Amino acid sequence: MSEARKRIEVIYKDKFGQLIALILQRFRSLSIDAVEDIIQETFAEAALLWPKQGVPENPEGWLYKACKNKSINVLKKNPKTEDLSLAKAISVAAEEISESAFKDAQLQMLMACCHPDLTPKTQVVLALKYVANLKVENIAMQFGVELDAIEKMLYRARQKIKSDSLHLSANFNGYSKERLSIVHKVIYLIFNEGYKQSQEKVSHGKMMCEDALILNKFLFDSPLCNPETKALQALMLFNIARFETRFDALGNAVELEYQDRSRWDSSLIQLAQRLLVESEDSSFSPYHLEAAIAWVHCTARKFEETDWAAICQYYEVLLKIYPSPFAEINYAVALQYNHQNEKAFRILMDLHRNPYFNKLPMLEISIRKYFDRTGIKEVPK
């Protein structure tokens, strides 16, 4: 693969959702489907031109300008639209499209996906697709459902946006606490998707994690900030502090037990601790509990000194307020280290019998490790 094509691939992963946001903000009468087609066509043109002509000095600006011109051409077919006169009045020289403009558009799109006329689950799925640029299969994996279910949800959402003429635009005034919670969940899922990337995609994964931190920091510094915002920031900081130790020099995954704790970023851990304390409130969110679990791991000097009893207690509360197969798997692992093997086995087997969850790689690995410890050779029927 040429350097130009590699650059296009990186930009596509990083900027696809942001380009959608920018175009939708400029041209409200365009549908999401139309904007997606425009952007896909623009990237296809770049893939043909850049290897021959070289990568533009400002590739993101080149892509935006091309998308903008294509959008105007689409709008010319419908001369009644008010977007056309507005588009001609906006100065969109490629050099004017800065990195901050893309980041602002990403946050605006995140808030816009939380439209009150859409269900909370649909809001999350839309944001993961158009803000985080996750593949449909990755979104399905996050929710523990079949790929077809997510595709149908996206189709219905696009149809509703089109039929009800919903404008995916956002301002920061009047957002309810419930909508902010959806935004938090999307940021959390973006971070998780980046954190679990393989060694081959570790640079892109870290970029996603940093994007999630930046998005949440924007909320943190705004009047919207609440204890949940601080707890989420603490959780992500605890995890990013350990990011560099997850793989060895050969690219092999390194389990928590064998990570070099001297390489964990102590300054980030201290900042996360402070934020976690500041986030204390009369009620707590799943992020408070997950951050508390991460805090236990980060403050243990050695893996053998980990307070597994405390971690098990945190998971028990977490599963009551926010049940999740991923939390159940981690709870089962914690139970094993807390010498509660039978209870851990029951949890793992219940998940294994579930047709939605038994394909999770994380579950398969946890069951195999359990078998290695106990000497069991196969899953009971």
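**Basis**

The model is predicted: local features need pLDDT of at least 70, side-chain atom pairs count only at pLDDT 80 or more, and totals for chains, interfaces and linings use all residues. Residues are numbered from 1 along each chain as its sequence is written, and side-chain values use heavy atoms, without hydrogens or water.

**Overall picture**

The chain has 17 helices and zero strands. Both are DSSP runs numbered from the N terminus: helices are H or I with at least four residues, strands are E with at least two. Of the 381 residues in the chain, 50% are buried. Buried means under 20% relative accessible area, exposed means over 50%, and partly exposed lies in between (1.4 Å probe, protein chains only). The accessible surface comes to about 19500 Å². Carbon and sulfur atoms hold 52% of that surface. Accessible areas come from the Shrake-Rupley method with a 1.4 Å probe; for residues, only the protein chains shown count as cover.

Contacts (heavy atoms within 4.5 Å) are the next topic. Take those with a separation of 6 or more: residues 24 or more positions apart account for 67% of them.

**Helix packing: α7 and α8**

Helix α7 covers residues 136–143, and helix α8 covers residues 147–163. Their axes come within 8 Å and cross at roughly 110°. Axes are lines fitted to C-alpha atoms, for helices over the stretch in contact, and angles run from 0 to 180 degrees between N-to-C directions. The two helices, α7 and α8, are therefore roughly perpendicular to each other. Angles under 35 degrees count as roughly parallel, over 145 as roughly antiparallel, 65 to 115 as roughly perpendicular and the rest as oblique. On the α7 side, the contact is made by V136, E137, I139, A140 and F143. On the α8 side, L147, I150, E151 and L154 take part.

**Salt bridges**

A salt bridge is a side-chain nitrogen of Lys or Arg within 4 Å of a carboxyl oxygen of Asp or Glu. By this rule the count comes to 16. The table gives some of them.

| Pair | N to O distance |
|---|---|
| K129 and E36 | 3.3 Å |
| R158 and E36 | 3.8 Å |
| E278 and K230 | 4.0 Å |

K129 forms a salt bridge with E36. K129 sits in helix α6 (residues 120–130) and E36 in helix α2 (residues 32–53), 93 residues apart. K129 counts as buried at 13% relative accessibility. E36 is buried too, with a relative accessible area of 12%.

R158 also forms a salt bridge with E36. R158 lies in helix α8 and E36 in helix α2, so the pair ties together parts that are 122 residues apart in sequence. Both R158 and E36 are buried.

The side chains of E278 and K230 meet in another salt bridge. E278 lies in helix α12 and K230 in helix α11 (residues 227–240), so this pair ties together parts that are 48 residues apart in sequence. E278 is partly exposed, with a relative accessible area of 35%. K230 is partly exposed as well, at 22%. Elsewhere, salt bridges that share partners join D33, E36, K129 and R158 into one network.

L219 lies in helix α10 (residues 202–220). At 0% relative accessibility, L219 counts as buried. L219 and L180 are 39 residues apart in sequence, yet 9.2 Å apart in space, C-alpha to C-alpha. Neighbours within four places in sequence aside, L219 contacts M111, L180, V183, H184, I187, L224, C225 and T229.

A231 is placed in helix α11. A231 also counts as buried, at 0% relative accessibility. A231 and E280 are 49 residues apart in sequence and 8.3 Å apart in space, C-alpha to C-alpha. With neighbours within four places set aside, A231 is in contact with S279, S285, Y287, H288 and A291.

**Surface and loops**

F284, V317 and I321 make a nonpolar surface patch of about 250 Å². Patches are made of residues with over 30% relative accessible area and no salt bridge: like charges are joined within 9 Å, nonpolar side chains (Val, Leu, Ile, Met, Phe, Trp, Tyr) within 5 Å. F284 lies in the loop between α12 (266–278) and α13 (286–299). F284 is partly exposed, with a relative accessible area of 47%.

H339 lies in the loop between α15 (325–337) and α16 (341–352). H339 is exposed, with a relative accessible area of 72%. Phi of H339 is near 60°, a positive value in a residue other than glycine.
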